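Here is a short briefing for a reader who is new to this structure. Take a look at the model, then read on.

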Amino acid sequence: MFASAARAEEGQHRHDHQANAAVGGTVDDLISIARQMSPELQIAALEAAAALAKVDGAGSLADPKVSLAVEDWSTNRNGGNFPSNPASQTTKKLRVSQELPFWGKRDLKREIAEAGARKAAILKRQVENELVAKVKVAYAEYHSAHLAIDAARDLRGRLDTLAKLARARYGQALGRQQDVTRSEVEKSVLDTEIVRMDGERRKARVKINRLLARPLDAPLVEAPAPRVIPAMEALDLTALTDRAQSANPEIIAQQVTIEGSDKALSLAEKSWYPDFELTAGAVKREGEWRGYEAMVAMNIPLQWNLRTSEIGEAKAMAGAARTKRELRALELGNEVADAWISLKSAREVERLLRESQLPQAEIGFQAAAKGYELGRSDLIDVLQTEQQLWKSNIDLIKVLFEQQMRLAELEKLVGGDL
């Protein structure tokens with residue numbers, strides 16, 4: 001008892017620490033907390049435990065019945081409805097009876113319950129799989145918001161320098177008032193973007209804390225580290241599709257459903273065979289136990305409509321389970337291919353942005369800014385290059401987020417990390 005109380009206290013202490021500390025150095029840290037604290041996962045675990053508990057009772061015999069019968073208790077010969085002879089002269093029978101299902105029915109009921117328990121356990125894995133994917137995507141959103149804010153603040157600093165230069169040139173009668181105004185407007189626009197992106201960052205933090213069952217305003221680390229995207233050479237599409245078809249929790253659950261449906265069909269077909277009831281008893285006459293009796297009874301399966309209805313229902317359910325399995329397998333192949341193609345495309349776009357578009361945009365901005373400083377170009381030229389640089393940075397952040405999201409999707413489809 002003391003050990004249990006100590007563990008509970010330790011768990012509460014760990015929960016309080018996780019709720020108050022800044023977590024999220026890596027997404028694996030968040031996933032570990034989500035697995036411990038998620039209410040959805042706890043519900044799925046309890047449902048799996050409930051399904052497993054049914055297995056022990058499935059296929060058990062019904063409780064035996066005990067009966068006591070009093071016979072030969074005759075009525076008054078002179079009329080009347082009440083017994084006349086003493087109770088000691090009656091025949092009393094004490095019986096014990098037990099119902100026995102036909103051979104194989106109990107095993108089938110137990111196997112159906114075992115299939116239900118396996119399905120519940122797999123559904124728990126599915127809930128966990130989806131939870132992990134949600135945490136990965138939310139963490140990627142949090143990281144993307146940080147990247148966008150950092151890029152905006154960096155550009156904001158450059159615009160501040162540019163605005164000061166515009167004011168200086170205007171003070172020296174070398175520039176125009178419109179340049180000063182335009183540079184201030186651009187700074188205000190960027191300030192607005194920073195505020196908007198900070199809102200996105202806080203929304204991502206709320207989403208993560210909700211998934212972790214923490215207070216929504218609980219702190220997260222301010223320098224999230226993104227997951228490393230595997231090289232495309234390590235992500236073979238055929239291998240990924242095969243893995244998804246064999247390891248995806250939803251597919252496995254469908255397969256277990258088919259097994260359970262087949263067992264239910266076998267049980268329905270066995271309803272044509274009779275069940276039995278064995279009875280044994282002792283007979284007491286004139287106050288003394290004089291003998292014993294035994295009896296075997298069986299039901300006669302004459303209700304054709306009832307049995308054909310049960311068998312028809314079981315066949316339809318088994319067929320529906322197979323069709324759902326085939327349909328989901330087809331959808332799964334398409335989803336893996338879509339995610340893989342999107343990831344590959346995003347990797348290629350990232351390469352082009354880093355190797356060509358972003359460096360060119362940076363060079364263009366630097367050249368325009370230098371030209372404006374020397375009086376060789378207009379402010380509008382600088383702002384145009386600034387817009388191109390900003391767009392290139394945002395495109396890169398979007399494509400990095402796209403990769404993180406597609407990787408999380410692929411891992412959810414194949415049922416594990418890549």
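Predicted model: local features only at pLDDT ≥ 70, side-chain atom pairs only at ≥ 80, totals over all residues.

**Helix α9 and Gln403**

- Helix α9 covers residues 379-414, and Gln403 sits in it.
- Is Gln403 buried or exposed? Gln403 counts as buried because its relative accessibility is 2%, and the cut-off for buried is under 20%.
- The side chain of Gln403 makes a polar contact of 3.4 Å with the side chain of Arg347.
- Leaving aside residues up to four places away in sequence, Gln403 touches Ile229, Leu343, Ala346, Arg347 and Glu350.
- After α9 comes Gly415, which has a positive phi near 80°.

**Nonpolar cores**

- The largest nonpolar core holds 29 residues. Among those with the most contacts inside it are Leu162, Met197, Tyr372 and Trp390.
- Which elements give two or more residues to this core? They are α4 (105-171), α5 (177-211), α8 (304-373) and α9.
- The most comes from α9, which gives 9 residues to this core.
- Met197 touches Trp390, along with Ala145, Ala148, Ile149 and Ala152, not counting residues up to four places away in sequence.

- Strand β3 (residues 276-285) pairs with strand β4 (residues 288-298). The pairing is antiparallel and runs over 10 bridges.
- Lys284 has Trp289, in β4, as its bridge partner.
- How many residues lie between the strands of the hairpin? There are 2, and Glu286 takes a positive phi near 45° in this hairpin.
- In a regular strand, side chains alternate between the two faces of the sheet.

**Confidence**

- The average pLDDT of the chain is 88, and 92% of the residues score at least 70.
- Where in the chain is confidence lowest? It is lowest in helix α1 (residues 2-20), with a mean of 55. Helix α6 (residues 237-247) has the highest, at 94.
- Residues 1-5 have a pLDDT below 50.

Technical notes:
Residues numbered from 1 in each chain as written. Heavy atoms only, no water. Helix = DSSP H or I, 4+ residues; strand = E, 2+ residues; numbered from the N terminus. Buried < 20%, exposed > 50% of the residue type's maximum accessible area, 1.4 Å probe, protein only. Polar contact = N/O pair within 3.5 Å; in protein donor to acceptor, adjacent residues only side chain to side chain. Contact = heavy atoms within 4.5 Å. Core = buried A, V, L, I, M, F, W, Y, C linked by side-chain atoms within 4.5 Å. pLDDT = per-residue confidence, 0-100. Pairing = 2+ DSSP bridges.
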